[in-house]
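Biologist: I have not looked at this structure before. Could you walk me through how to read it?

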Amino acid sequence: MSSTMLHDPLTTLGSNGDASTRPHRVPISALPLPPPSHSLIHNLTPDPHTPSPAAWRATREARPSLQRRARLLAPPAHFSYVAPCPLPFPFRVEYPEEDADGEAQVAAVERWLVHREALREVSRAGVQEGHRAEQGESGEAGLKKYVSEKRDEERMLIGLAETGWRDCVPQLDVGDAFDLLGSPSLSAVPPDQGTSSESSRAPAKERETSTSTDAAAARQELIDVLSGHALLMNGEGDDPQTQWAPWSLRYSGHQFGTFAGQLGDGRAISLLSTPHLDDPDTVFELQLKGAGRTPFSRMADGLAVLRSSIREFLCSEAMHALSIPTTRSLSLVSLPQLPVERERVESACILTRVAPSFLRIDNFEAFNPPANMFFFGGGQQPAHLDGLRALGEWTARRVLRLQGIRWRGDPGVDGPGDAWGKEVVLEAARRNAKMVAGWQAYGFMHGVINTDNVSILGLTIDYGPYAFMDVFDPFHICNHSDDGGRYAYKYQPSMIIYALRALLNALAPLIGAEHERGGKAVSPGWADSASPEQLKTWTDSGLALTKDEMERVAEEACAVEYGRLMHRRLALRRLDKDDELLFMRPLLDLMEDHRLDFHATFRRLASFRPALAADEGALGAFVESVLTLCAEPERMDRAWATADWTVWLAKFAGRVESERALWEATGPDVDAQREDAARKANPRFVLRQWVLEEVIKKVEADAESGKRVLRKVLHMACNPFEPWGAEGFDGDESTLNLEVREERRYCGMGERKLLGFQCSCSS
């Protein structure tokens, strides 16, 4: 049987762990919107071509190519309104006769796009035909739903993240979506490999036909909206503060150390944001990745493939389960009939991810780019320092939610309010340092730590060619596009510091100006009349005031968090200052020298007991069990490895014994307590490259059985510390049922040829 049970996704867990009454849920079109004070699109500056949702709708009806053409936004603009529209690119437009003039061809493109824009209003789930949604409370946010005349591609829900849904948008009604996905199973069989697949499909079909009309409608609306088929917006009225439309952000930044000019959300579109039930000040954005071209797509198609979408869908939730800050996953919708050209022709897929904000360090670089620097890319706007101020104020107040600052315009605050620029940099440093410490402690390699992939909130974002460590190698490079090893595992903390310096460089003149004003915030228009000499003075002052402190804060926060996590992994309660030098670094050296698996070694150490060190035979047997974790045993010098491990374990036994009193204070069986604590900190299941490759192949080969495998792997990733696959069983494996045997296999190192497997950026 399976090692752990799935919770009923339609219940929530109370504080005591018991199932409690689920929250009142509404379809996605009725999710409550935040007040204008908490909404990005109502506080930052839109593309002046479409200054409001109402103006944007009019543009889409006449000149929709504006949101699909790669172009530089005006210098003050932070974002552009964009509708999801997943289409093959270059567009397959039917042009007029060859002798037609250029204007006729342009008109043909616009007509073609108009027919594919979501402009026809249809009823929302749970709203009767003809009923017009009004602005109101409890989810009646006035959003309307639109579809296109000529875009009705096949769309298949293949993944729904229960944990991301429950944590971020528990008020969202997903209808019977979980029933549609089928029961999670690693042993699901495709149709051409046996009859069991037919029976595995039947329950989902039966449940679909017997489900309530409301549940089916909520599920279908969810799929339609999260596939980019249906659009939610509100362009009614004369006040833009009451209107709503999806958006993509502008940003610019450094890629592999070179400034690339304007980048922006080239395939990401934020649909809406909604307050969390438990804290209305916490707002979560729902963002589609792979929903079509935006003004920031450059020469790309704005699409994502099934392969890359599955990788991000699984890893976001796996990272959360390891308590590493991350964006979250909500859904995966496959578009099997939409071809996407990468290294090979693949099918499209749209991931919905969720976060309080998707702002990056590069959003700041866009408004104060490096001066006089050669860059590759499509161009870069001149600095716009008032746009920088507006972005910074929004980030400080509503995204980072800095405490202790009096804001301009608040009751009782006269004048400009308190300075915030330096605190934005320091808070981003703390958060990103804690994040990268988690990466290092759990052997996660991001692969592309360009400044556009570093979140201002310190969330792991943009999962591309990532990997979890197999055989420990501090210089491992998971991205085969990274020829120079810039983003190798060992250098990840340094690359976060590099990104933080880019943030500081962008904000430095504002920090210097705030200091000159005696610790007061700058006001609108603060730099409009500043001379180049004045800007340089402010910049130099801001750098001098902040750079050393920022680097110290980041380095200390990273070291403290890394030490805390490594102590948890070794089940040590007391934090001795020389533990890293005496135990942690030597342990990693042992793994590297003898080519041992990183995660399996930590998991094996969970069962080590200090008494073993006094029993030569027992200690030797334990060392032998550790050495079985070598990926290439024929290359191991067993005598050397045995001697090294015997010495380290003897020292470690003494260190564990030295804090026995700390454990006895919480229970008599110290060894059992330590083992339990270690197992709760060291995953049994790791989202390895070979696992990802196998899941992807299964979903590509047969989505119906593959989505059940995907759902089970997601469940294992969300519960990585469980004893999957009858861990510890040393009998005849053939006596275990097929599902448990598959769990055991999925917890293994896999084929040798996939150890250290490298992906490309397109992954």
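Biologist: Is strand β10 buried or exposed?

Modeller: Strands are DSSP runs of E, at least two residues long, and helices are runs of H or I of at least four, numbered from the N terminus. Buried means under 20% relative accessible area, exposed over 50%, partly exposed in between, with a 1.4 Å probe and protein chains only. In β10, residues 258–262, four of the five residues are buried. This is a predicted model, where local features need pLDDT of at least 70, side-chain atom pairs count only at pLDDT 80 or more, and totals for chains, interfaces and linings use all residues. Residues are numbered from 1 along each chain as its sequence is written, and side-chain values use heavy atoms, leaving out hydrogens and water.

Biologist: Which way do β9 and β10 run, and how many bridges join them?

Modeller: Two strands pair if DSSP finds at least two bridges between them. Here β9 (residues 252–255) and β10 run antiparallel, with three bridges. His254 has Phe259 as its bridge partner. Two residues lie between the strands of this hairpin, and Phe256 has a positive phi near 50°.

Biologist: What is the strand order in the open sheet?

Modeller: The order is β4-β5-β7, with antiparallel pairing. β4 (120–122) and β7 (231–233) are the edge strands, each pairing on one side only. Between β5 (residues 144–147) and β7 there are three bridges, and Lys144 sits opposite Met233 of β7.

Biologist: How far apart are the ends of helix α19?

Modeller: The expected span is 1.5 Å times one less than the number of residues. For the 13 residues of α19 (residues 689–701) that gives 18 Å, and the end C-alpha atoms are 18 Å apart, so the two agree. Its buried residues include Trp690 and Val699.
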